[in-house]
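Please keep the sequence and the structure in view while reading.

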Amino acid sequence: MDERHNCPILQELVKCIKLESKGGILSCLKRLKDDSRCCKQFVKDGGIDILVNLLRYFHNTKVLNMTLSILADACMNSDARKKVRGSSIAIYVVSIVKYIKLNSSIVCRACRLIGNLSECDWHAKSLCEAGAIQALINLLQLDIYVYIYSMAIRAIRIIWNTYEGSREEILESRVIFRITYILVSTKEKSDKKYMGLIETCLKAICAFLATLDPRVGEQLRGEKDIQGYKTIVQCCDMNNKVAIRCLYNLCQIAEYRPILGNFGAIESFIALIKDSLELSKETLVSLCLFCREAVNRAKIKMASGLELMLSLLKDTENEKYHPMLLHALAQFVYDDPSITIMVKNGLLDVLVVRLKKMVTEDVSNERTNVSKKRKNDSPPSRQTQLKYNKTNLERFSSDYYRDDWSPGSATSVSSSPPSTPPLPFYDSIETDESDEDNYSPVCSDAEMMDTDDDIEESQNEGKETKSSNVWEYANVWTLVLLSRLSHSNDPIDRLADPATIEALSAYIRHAKNPRASRILTRIIRNGAYLMPLLKQGFVFEAETLYGSEQYMRQLCVLAETGGAVGELTSILLRGEEAHKLVIAVSIPFVIKSRYILKSLLNNHGGLQLIFHVLSDQQHVLHENAICSICRLANTLEIQPEIIEKCQITDTASTDFPRVYDNHPKLATVTFELDDGTTVDACRQTLCQKSDAFSAMLEGYFSESGKKRVKLRNTSKEALNTLLLAANGATFENRTIESLLDAVLLADKFLMADISDILTESSISQLNYKNFSKAWNWAKANSCHELKSSCVKRFLTATMTKPEKVQAFKDFSTSEGFQEFLDEIRKIINSVLCQR
């Protein structure tokens, strides 16, 4: 059966209205009120227009009261609101509020209907044009029932939210001031029946504050002693969520934060954060906003707010709030006592963790964007500069911290904190706390400067970059805080610890960030950190970092001061064994003075320690010791000898067999070697290049004229190399041993020009791959000048660290390794001990 036949009230109500039957009308209305299903069908069938017309029944309060109740319920639905669009409902309901004063129930329901209708902007506009706002304001001026206040305030709130055109009228009417008065006076009463009105007032205030209009904040002061602010703070103490939201919005109006701080808002937020099981974004953002002003920063410090923020930064569960917390802490960089508190409560631990994450992020970004080219050229690590932000009320503040700040610089006139250092807005009014993207340390879109090209460009990259931008700013504040610590003249506990230095070095290595590099330079420049840095072997790391020249220059300046030399001497004589070794290996990197080097290395045993590490290939400092001894040789300006020709002490006999007879001369001669191999050569070329071969092959010796001639003590590789040189062919790809053997053969067979060519080629081809081979060859053939030259070339040649290690490893695998070390020691001592 059709549902309409189950609810025949429409036709019956029309009939009763025609007959002017008040009893029938009331009966129909009561049935509609009691049967929600029938009421919905009634509205669907167009009966709502009949109810609108019944609003004219001013003379019958019962009919009017029932009609308002049904309409208010129905207009909670958007379909019902659409059906009365264009009707006179706004005029009727406003008239009821204006002229019916005696029946509180009717007025209350009329206000409720106004609120429900106002959920649609067109109804809100019609109601405003009909004078609804002034009518509601007039109600609030009367001493009436609590629930009428609640409905009137609710209606004003909904109109404010829905129809922007109403806001100026509401502000100019000072109704917010009246609502504040109602809140204050109601809060002073202990009766529970007023709790609903308090909640309604707070919801309205929260809506008014959402626009961040200072005029709202002005009216919220109340009649005297700024009781409005005080009442809101008191409600926050009771963990009222709406009051917290009100205070959160109010905190974003800069001129009112000092007032709120005086009324205990800071202490209230700190207590709420400590006591809450789940962290609220509003409370945390508000606390961070209070860090803008010096007067509020002092209160935060006194209320243990710094300790609280650091504890939150250590909690990985709250990681999405870490950027704003880092930014808040960065506001205290000019306050030495606050810095001391933060350091004592683990600021360095937080920064080290952030640096490690920054390294991970940078590595991940490099992999992701390896083929992505930026639109504009930029430094290796883009310097994220927070531009000027602007609120919708034309208030500007600079959010960029100068990196060249120092207590004595021109940019830091006073060590006292500025009255209001800037802090960007943290929120874009989203309410989903689980969404990390809700937070942004930059101002919202409406607050952006139109001329800020950099920020516009970042906006154009899309929403997917929002979260990454947040962490870019977190990286900036991490470096700001670390920079502040590095500026301290007094040593900061654990600032030069391995954990801190390793994390900072890793970030510099991957990001090549100039700001991070400057931070490390300032740490190095502080003499208090020199010994901790040297003891952890930082000089070896510094050699590989971006900006290494600056780091090493600063280390050298400090290390050669009298106090530092004394400390180095003390460690070498009385320090722990591990510290002795690392200091000894580090000394050649940081000391340039020969006098100091002689004192530390020769007189106090530093050189012996270096050779101890060099002889132990398993030692953790072994590779660094190799670089250290090479650095020492370069500092001492050791130069390899210029070898014109290998000096052979035992030259093979050049006595050739006696001549028996003249023999016919052949074009080619075949040499038979000791190992049974043969080598063919041009007889004429050999005779032209060598008097010895000329006498052998063309003179009166037994070999003259023979096709095959025996050569003793000659290798095939050496003879082939000699023949190539004699024929003017290239021989760059020959092994170093074959070249050197060929030099011996050239000397043996009196080929002076060829010997010079081969000697020059041999020396020029010495490198990390064949130093040990050449040294072993020189050792086996008693070529002392070449042997010494190989060692000196190893010590002074320009090589990378892996190449030096590889060359040294080749020496260490030979039988004469100890002799090689002794020769290095002899060379170093011969120069080091010179006066």
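A residue is called buried when its relative accessible area is under 20%, exposed when that area is over 50%, and partly exposed in between, with a 1.4 Å probe and protein chains only. Helices (H or I, at least four residues) and strands (E, at least two) are DSSP runs, numbered from the N terminus. By these criteria helix 8 is mostly covered, with 8 of its 11 residues buried.

The model is a predicted one, in which local features need pLDDT of at least 70 and side-chain atom pairs count only at pLDDT 80 or more, whereas totals for chains, interfaces and linings use all residues. Residues are numbered from 1 along each chain as its sequence is written, and side-chain values use heavy atoms, with hydrogens and water left out.

The protein has 835 residues, of which 53% count as buried, and it contains 47 helices and 5 strands. Contact here means heavy atoms within 4.5 Å. Among contacts between residues at least 6 apart in sequence, 71% join residues at least 24 apart. Confidence is expressed as pLDDT, the predictor's confidence in each residue, from 0 to 100. Its mean over the protein is 80, and 81% of the residues reach 70 or more. Residues 1-6 have a pLDDT below 50, and this stretch has 7 contacts in the model beyond near neighbours in sequence. The pLDDT also stays under 50 over residues 645-665, for which the model has 40 contacts beyond four places in sequence.

Two packed helices are described by the angle between their axes and the distance between the axes. Axes are lines fitted to C-alpha atoms, for helices over the stretch in contact, and angles run from 0 to 180 degrees between N-to-C directions. The axes of helix 8 (residues 89-99) and helix 9 come within 9 Å and cross at roughly 145 degrees. This crossing is left-handed, a term used if the near helix is turned anticlockwise from the far one by less than a right angle, with right-handed used if clockwise. On the side of helix 8, Ile89, Val93, Ile96 and Val97 take part, and they meet Ile106, Ala110, Leu113, Ile114 and Leu117 in helix 9. The residues of this contact divide into 9 nonpolar, no polar and no charged; Ala, Val, Leu, Ile, Met, Phe, Trp, Tyr, Cys and Pro count as nonpolar, Asp, Glu, Lys and Arg as charged, and the others, Gly among them, as polar.

Helix 9 (residues 104-117) also holds Cys108, which is buried at a relative accessible area of 12%. Leaving aside residues up to four places away in sequence, Cys108 touches Tyr147, Ile148 and Met151. Its C-alpha atom is separated by 8.6 Å from that of Ser150, 42 residues apart along the chain.

Two further helix pairs may be set side by side. Helix 21 (residues 281-289) and helix 24 (residues 322-330) pack at an angle of about 20 degrees, with axes 9 Å apart. They are therefore roughly parallel to each other; angles under 35 degrees count as roughly parallel, over 145 as roughly antiparallel, 65 to 115 as roughly perpendicular and the rest as oblique. Leu284, Val285 and Cys288 in helix 21 meet Met324, Leu325 and Ala328 in helix 24, a contact of 6 nonpolar, no polar and no charged residues. Helix 35 (residues 577-590) and helix 37 (residues 606-615) pack at about 100 degrees, with axes 9 Å apart, which makes helix 35 roughly perpendicular to helix 37. The residues of their contact divide into 7 nonpolar, 2 polar and 2 charged.

Ala503 touches Val352, Leu355, Lys356 and Val359, not counting residues up to four places away in sequence. Most residues other than glycine have a negative phi. Arg494, in the loop between helix 28 (466-487) and helix 29, has a positive phi of about 75 degrees. Lys512, in the loop between helix 29 and helix 30 (514-525), has a positive phi near 50 degrees. Arg494 is partly exposed at 36% relative accessible area, and Lys512 is partly exposed at 37%.
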